[in-house]
Amino acid sequence: MLDVSIRGRVGDFETDVVFSGSAGVTALFGQSGSGKTTIVKMIGGLVRPASGRIVLDDRVLFDSTSGIDVPARRRRIGHVFQDSRLFPHLTVRQNLAYGRRFARGNHGPAFDEVVELLGLSPLLARRPRTLSGGEKQRVAIGRALYAAPRALVMDEPLASLDAARKAEILPYLDRLRREAGVPIIYVSHAIGEVTRLAETLVVLSEGRIVAAGPPAEVMSRLDLGPATGRHEAGAILSGRVAGHDDAYALTTVRVDEHEIQVPALDLAPGTRVRFRVRARDVALAKLRPKDISVRNVLEGYVTEIATNGGAYAEIVVAIGRQRLRARITRKSAEELGLARGEPVWALLKSIAVERGMLTAEPGSDEGE
Amino acid sequence: MTALSPAEIEALILSLQVAGTAIAVGLPVALLIGYALARWRFPGREIVNGLVHLPLVLPPVVTGYLLLILLGRRGPVGSFLEENFGLVFAFRWTGAAVAAGVMALPLMVRPIRLAVEAVDTRLEEAAETLGAGRLFVFMTVTLPLALPGILAGAILGFAKALGEFGATITFVSNIPGETRTLALAVYTLTQTPSGDLAALRLTFVAVIVSLIALIASEFVARRLSRRLTG
């Protein structure tokens, strides 16, 4: 458990944040320059906050009132940097082993476990210069993890990678969050990564927290505006794999009482999944449409409408206990007479749910 | 070409001994100064930098004379060292090593400073987050990454120490078997009638020794940088 409450200077503005991270991923999300990196450097002891308190598992790492400021090397917070920062003169094996010698008495993961978790065995004898960007980041994650940290801080670990490399690493991160067993603070400005990985989402803007909570809750809020993404904004649904239609390569996911068909997933029936549905991929209808290619037609009612005088209207639709966001034209919203409480049909194309937007949840094998 | 005389062999061995001692003692000093100049911000930093580089611009005779004043048996530092540690530099080969070391210092400090400056501090920061203390970070990250520059400084310093003349002859004179290094021996021979052939022989030896040192350093530096980056 990591409790953070800090104030300090970040570039041109003051930061003032309070949040906690428990086991699993807490994502710090915000645009570039919102203070994310400085905040994690303060947590790691690389930048000194002006005031505040940082506590990790009942151990005070920083407390301005009592003058405690544990140096970075004794904080036991693993740091994964955007630019990997592998030691160029050491092999991958030596890089991985670097921090473990300082982990006295701590029972961290075994070397083979880390290697297996991140798929590093073919790389062990190589030097960082010969690795691809994605491989470097995997080694950097392994190096931080094998040092047996009490928390992991990951500062935009995927930001410098292209889409293919990102897709290569995300499954490893997904395993990491389930198997690392320590709180992970994950900094990103990419909403896709954040909604896939985070159990808790902390949205930052100009050094301050504007929203915090479970991703599904935060992402269905309309009052945050562009802070939760423009193009990529969308709500998160969670459900269970109900079955596969092999003939058409489709998988049915049960979301409460609704069934949603998505392109085939390689997951066993019963697996819990959550996925982001971009607001711009959802259309609305007043009557149930017939003879239409869209496979997912979900009955719900409008809970919230937001417009800003521009072309768009943002609408939140309650689908059972969950929320879906739709971005339609303001004109359509007016012509349909959409209002809070009005019943409405939400139309979601199956192919709008891409594999990269979907996560299998931990504890997926157990029943409800 | 006839074989070297015992006196000439003595001068060669003495030169290597003096230069080797100067670098063995001077390199750690150069490393400390180079690191401090590269990484620390302290008052008087520019003065330290200036003092280190002074022998580069002063006439060597002046440097030698200053050493004589300071480290001579009646000099403030020299008398202190003799009384407390029994260390005497004046007119001893150890004094020649001091003179060679002082003259070589700026040539060692500069490449070391540049090499340390070129080491990415973000790597040191990463090592710190992994739990490493300052000394460990220095030994395992900074030092190995700066090694090609440190080696370049050491070789340059060794070559300079091997050929040092002005400060040496002023500080410790030209005593056969004690302070008469290769350079001083060549000088003595050129002052002697009929010493031309012997002077030429020693000159040849000096060229060979220096060349071997330079080629060896180039070879080691190349292997090192390949290992570091590759």
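Visitor: On what conventions does the description rest, and what pLDDT do local features need?

Guide: Residues are numbered from 1 along each chain as its sequence is written, while chains are lettered from A and ligands numbered from 1 in the order in which they are written. Side-chain values use heavy atoms, with hydrogens and water left out; in this predicted model totals for chains, interfaces and linings use all residues, side-chain atom pairs count only at pLDDT 80 or more, and local features need pLDDT of at least 70.

Visitor: How many helices and strands does chain A have?

Guide: Helices (H or I, at least four residues) and strands (E, at least two) are DSSP runs, numbered from the N terminus. On that basis chain A has nine helices and 21 strands.

Visitor: Why is chain A described as being as compact as a globular protein of its length, and what is its radius of gyration?

Guide: The radius of gyration is taken over C-alpha atoms, and the globule rule is 2.2 Å times the number of residues to the power 0.38. For 368 residues the rule gives 21 Å, and the value for chain A is close to this, so the chain is as compact as a globular protein of that length; its radius of gyration is 22 Å.

Visitor: What percentage of the residues of chain A count as buried?

Guide: Buried means under 20% relative accessible area, exposed over 50%, and partly exposed in between (1.4 Å probe, protein chains only). The C-alpha trace of chain A spans about 65 × 50 × 40 Å along its principal axes. Of its 368 residues, the share that counts as buried is 54%.

Visitor: In which helix of chain A does R138(A) lie, and is R138(A) buried or exposed?

Guide: R138(A) belongs to residues 133-146 of chain A, which form helix α5. Contact means heavy atoms within 4.5 Å; not counting residues up to four places away in sequence, R138(A) touches L118(A), G119(A), L120(A), L123(A), E168(A), I169(A) and Y172(A). Its relative accessible area is 8%, so R138(A) is buried.

Visitor: Where in chain A is E156(A), and what separation do the C-alpha atoms of E156(A) and V80(A) have?

Guide: E156(A) is in the loop between β8 (151-155) and α6 (163-179). Although E156(A) and V80(A) are 76 residues apart along the chain, their C-alpha atoms are separated by 8.3 Å.

Visitor: What relative accessible area does D291(A) have?

Guide: D291(A) is found in the loop between β16 (282-285) and β17 (296-307) of chain A. Its phi is near 50°, a positive value in a residue other than glycine. D291(A) is exposed, and its relative accessible area is 84%.

Visitor: How many helices are there in chain B?

Guide: Read along the sequence, chain B follows the pattern α-α-α-α-α-α-α-α-α-α. Its C-alpha atoms fill a box of roughly 70 × 45 × 30 Å, taken along the principal axes, and 45% of its 230 residues count as buried. Chain B has zero strands, and its helices number 10.

Visitor: What is the phi of F91(B)?

Guide: F91(B) lies in the loop between α4 (76-85) and α5 (93-118) of chain B. With a relative accessible area of 42%, F91(B) is partly exposed. Although F91(B) is not a glycine, its phi is positive, about 60°.

Visitor: Which residues does L107(B) touch, not counting residues up to four places away in sequence?

Guide: L107(B) is found in helix α5 of chain B and is partly exposed, with a relative accessible area of 23%. L107(B) and V52(B) are 55 residues apart in sequence and 9.4 Å apart in space, C-alpha to C-alpha. With that exclusion of sequence neighbours, L107(B) touches L56(B), G153(B), L156(B) and K160(B).

Visitor: What area is buried between chain B and chain A, and which residues of chain B lose the most area?

Guide: The contact takes 21 residues from chain B and 23 residues from chain A. Buried area is the accessible area (1.4 Å probe) that two parts lose on being put together, summed over both; here it is about 2100 Å², of which carbon and sulfur atoms give 62%. Together giving 30% of what the chain B side buries, the residues there that lose the most area to chain A are E125(B), T129(B) and L130(B).
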